[in-house]
Amino acid sequence: MKMGTALVYDEEMTKYKLLWVDPACKIEVPERLTVSHEALVKAGLADRCVAVPVREATDADILLVHSEEYLEAVKKTPYMTLEDLKEFTLQYGDVYFHPNIYHCAKLAAGAALQLVDSVVTGKVRNGMALVRPPGHHSMRSAANGFCVFNNVAIAAQYAKQKYGMKRVLIVDWDVHHGQGVQSCFEDDPNVLYFSWHRYEHQRFWPQLRDSDYDCVGKEKGAGFNINVPWNKVGMKNGDYLSVFCHVLLPIAYEFSPDLVLVCAGFDSAIGDPEGEMCASPDIFAHLTHLLMNLAGGKVCAVLEGGYNLTSLHQSVCQTVQTLLGDPAPRPADLDGPCTSALESLHCVRSAHRQYWSCLKHAAELPSSEISTKCIKLEEEEEEKQQHQKKEEEEKEAWPEPLKRLTPPVRTAVVLPDGVVCPDGCERFSPSEDLNILNKVRENFLKGPDDSDALTTLSSLTALVEKMEKNEICNGLALVRDVSTARMCVVQHAATAHRNRVLMVCVGDAVVPSPGTDDGKTLLVQFSNTESEEQKGKFHIPVCLKKGCSDVSGFTLAVLGLLLPLGYEYDPSLVLLVRTPGSGLCDAAWQQLTGLLQGLAQGHTLVLMQEGEKACVGPTASSLLGVAAPSLGKLPAPLPEDVQALERLRHRLQADWKLLQTTAPETA
Ligand SMILES: CC(O)(O)CCCCCNCCCN
Ligand SMILES: [Zn+2]
């Protein structure tokens with residue numbers, strides 16, 4: 001499977017700027033590109049990428065989205081005087097022209113197409129295009145919001161036309177609504193457009209009614225346009241992750257795209273004067289990671305906005321480093337979604353219930369139609385506070401994202417002699433560490449002669465040690481006795497260090513509750529056996545009617561339950577245990593293994609029964625960072641499973657805030 005990350009950049013795109021006074025446009029400066037590229041170079045990330053040259057988009061490329069008259073009009077701008085340029089600009093909103101902007105706009109669109117070519121032809125796995133002018137606001141016949149040509153919309157049409165891509169997902173995490181993208185694809189069921197954006201009940205630019213959650217697409221495209229309006233500023237990492245886990249990912253997996261395009265705007269990060277949000281730059285490592293198992297990993301990120309030069313370059317680095325396959329940093333102290341975000345979440349899920357089976361049984365909008373439209377009153381008086389907030393914003397400070405050091409060894413394996421070590425992995429040699437051997441001997445060995453158990457268990461203990469020291473990223477062990485191995489790892493990890501271990505068990509073997517409910521271990525078990533006894537906060541049995549053999553139900557449980565739990569729990573180690581009889585297909589297993597690596601800095605330890613030899617290769621592939629195979633278009637999950645998950649989420653959300661999908665009952 002092809003690895004490699006493309007980086008498309010050319011300094012020519014820095015060679016235009018605002019030539020007159022216009023407060024609305026002064027934030028869109030050439031330095032946005034130079035600081036981003038220089039940061040990638042300084043962090044040693046640019047060198048790790050495959051440099052892909054830009055090209056000019058041709059007329060034919062541009063006409064995939066824009067009208068001839070618009071293109072002909074823009075073609076005249078290089079020859080205009082300053083006065084003509086000002087005149088020409090007046091017909092559009094919040095955008096400026098420059099003698100060289102037409103050239104740069106062709107390069108920006110061409111860069112996106114070069115990126116699509118590199119990814120779709122398999123030259124690289126994924127990539128990022130650092131471009132300006134941005135694109136997602138430009139309309140078929142109009143420039144808008146610093147945008148001239150709609151880079152990502154052109155890329156999507158290009159991918160469909162040139163490569164016969166059936167389904168394209170566009171994720172727009174820029175803090176503004178990409179109305180240009182929405183209008184291009186709103187009746188197209190082959191392009192799923194997702195956007196969140198600062199909205200404040202239509203009071204924030206571009207103040208469009210069509211940016212609200214109830215604009216779901218038109219005619220055949222109904223359901224394929226997802227708008228998540230932020231009606232308050234100050235949204236944080238927990239708000240963003242909730243929307244990914246409870247809206248975007250379930251629908252994206254059901255849609256099963258052949259290609260993922262990202263309108264990668266970073267004005268949704270903390271410090272940005274436009275967004276006024278509070279999400280930290282490292283959240284983009286997680287947002288990127290969560291998309292990387294879709295479309296077989298074919299992810300193309302194209303820069304849109306981002307106006308705080310510090311959070312911009314930090315966010316760009318977080319994104320590119322994740323595309324390169326480096327483990328994401330731990331998501332520090334996540335809060336649950338705020339009330340306003342929950343209202344938006346609830347409204348979006350209700351608006352899309354009828355289109356997506358993953359949402360079919362999402363909480364019904366009460367007859368009072370909790371729309372986010374009626375909360376204007378209280379918003380007015382809060383208006384003033386927001387302005388004071390703006391002043392504070394200037395001094396907004398946030399910690400520099402932690403260095404994401406990649407361990408020297410990516411994947412270590414503990415395998416019986418007869419099993420070959422998968423390519424790219426490193427066989428982990430048994431430990432000679434005496435105190436480990438003695439501890440294992442006295443705690444876990446039954447008979448004295450159990451030498452190969454001693455070898456296995458001491459190797460596992462040593463492996464956990466090396467993961468704790470970040471010398472090894474992740475591991476895989478094929479063991480005779482999974483339950484003893486599991487206890488050995490949990491006991492070592494939990495006592496030896498101030499660890500939290502997330503244990504995910506897949507299969508029907510009954511797993512005893514972890515010793516205590518002290519929170520040192522969170523056990524989530526997927527099976528088809530209904531457990532009668534009431535479990536504590538840290539033991540969550542997920543019962544699916546057909547167990548893990550039903551990919552749709554399993555995927556929904558992973559995305560809407562396991563991931564939010566995992567992010568909120570924020571473990572230092574993920575122990576993924578597969579017991580026989582899980583009925584889980586390889587692709588679903590690899591999706592699970594891939595997604596879980598967003599936690600614990602990628603420290604995932606997979607334990608499998610010796611009999612599961614056939615699963616070693618696929619598991620190793622995911623642990624090495626290769627994207628999991630696509631699950632294909634997911635059929636509807638069993639209604640009883642969706643309802644069971646809703647009930648489980650409802651029961652647990654008091655303890656686990658990231659499981660919430662509706663606002664607490666307003667008094
Ligand atoms: C690519 C992008 O979405 O970031 C462009 C945003 C355009 C914002 C226009 N209004 C600016 C008002 C200045 N206070
Ligand atoms: Zn923006």
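Nine cavities of 30 Å³ or more were counted in the protein. The structure is a predicted model, with ipTM 0.98 and pTM 0.96. For the protein chain the mean pLDDT is 92, and 93% of the residues reach 70 or more. Where pLDDT is low, the predicted coordinates should not be read in detail.

The domain assignment divides the protein chain into domain 1 (5-331) and domain 2 (409-635). A distance of 38 Å separates the C-alpha centres of domain 1 and domain 2. To the contact between them, domain 1 contributes 24 residues and domain 2 contributes 30 residues. About 2,200 Å² is buried between domain 1 and domain 2, and carbon and sulfur atoms give 58% of this area. On the domain 1 side, the residues that lose the most area to domain 2 are Tyr253, Asn293 and Arg330. Together these residues make up 31% of what domain 1 buries.

The largest cavity was examined next. Its volume is about 200 Å³. The lining of the largest cavity consists of 18 residues, and those nearest its centre are His289, Gly325, Arg410, Gln597 and Gly625. By residue class, the lining of the largest cavity comprises six nonpolar, nine polar and three charged residues. The largest cavity lies between domain 1 (5-331) and domain 2 (409-635), because both domains give residues to its lining.

The second largest cavity has a volume of about 110 Å³. It is lined by 14 residues, with Cys358, Leu556, Gly560, Glu646 and Arg649 closest to its centre. Domain 1 (5-331) and domain 2 (409-635) each supply at least three residues to the lining of the second largest cavity.

Backbone geometry was considered separately. Most residues other than glycine have a negative phi, and most peptide bonds are trans. Proline 133 belongs to the loop between strand S3 (126-129) and helix H6 (151-163). Proline 206 is placed in the loop between strand S5 (191-198) and strand S6 (225-230). The loop between S5 and S6 also holds glutamate 200. Although glutamate 200 is not a glycine, it has a positive phi of about 50 degrees.

The loop between S3 and H6 contains arginine 140 as well. Arginine 140 is 77 residues from leucine 63 in sequence, whereas their C-alpha atoms are 8.9 Å apart in space. When neighbours within four places in sequence are left aside, arginine 140 is in contact with Val65, His66, Ser67 and Tyr70.

Definitions and conventions:
Residues are numbered from 1 along each chain as its sequence is written. Chains are lettered from A and ligands numbered from 1 in the order in which they are written. This is a predicted model: local features need pLDDT of at least 70, side-chain atom pairs count only at pLDDT 80 or more; totals for chains, interfaces and linings use all residues. Side-chain values use heavy atoms; hydrogens and water are left out. pLDDT is the predictor's confidence in each residue, from 0 to 100. On a 1 Å grid over the protein atoms alone, a cavity is a set of points where a 1.4 Å probe fits but cannot get out, and a pocket is an open set with protein on both sides within 12 Å along at least five of seven lines; lining residues have an atom within 4 Å of a point. Grid points are joined across faces, edges and corners, and a volume is the space filled by probe spheres set on the points. Ala, Val, Leu, Ile, Met, Phe, Trp, Tyr, Cys and Pro count as nonpolar, Asp, Glu, Lys and Arg as charged, and the others, Gly among them, as polar. Domain bounds come from an automatic or database domain assignment. Contact means heavy atoms within 4.5 Å. Buried area is the accessible area (1.4 Å probe) that two parts lose on being put together, summed over both. Helices (H or I, at least four residues) and strands (E, at least two) are DSSP runs, numbered from the N terminus.
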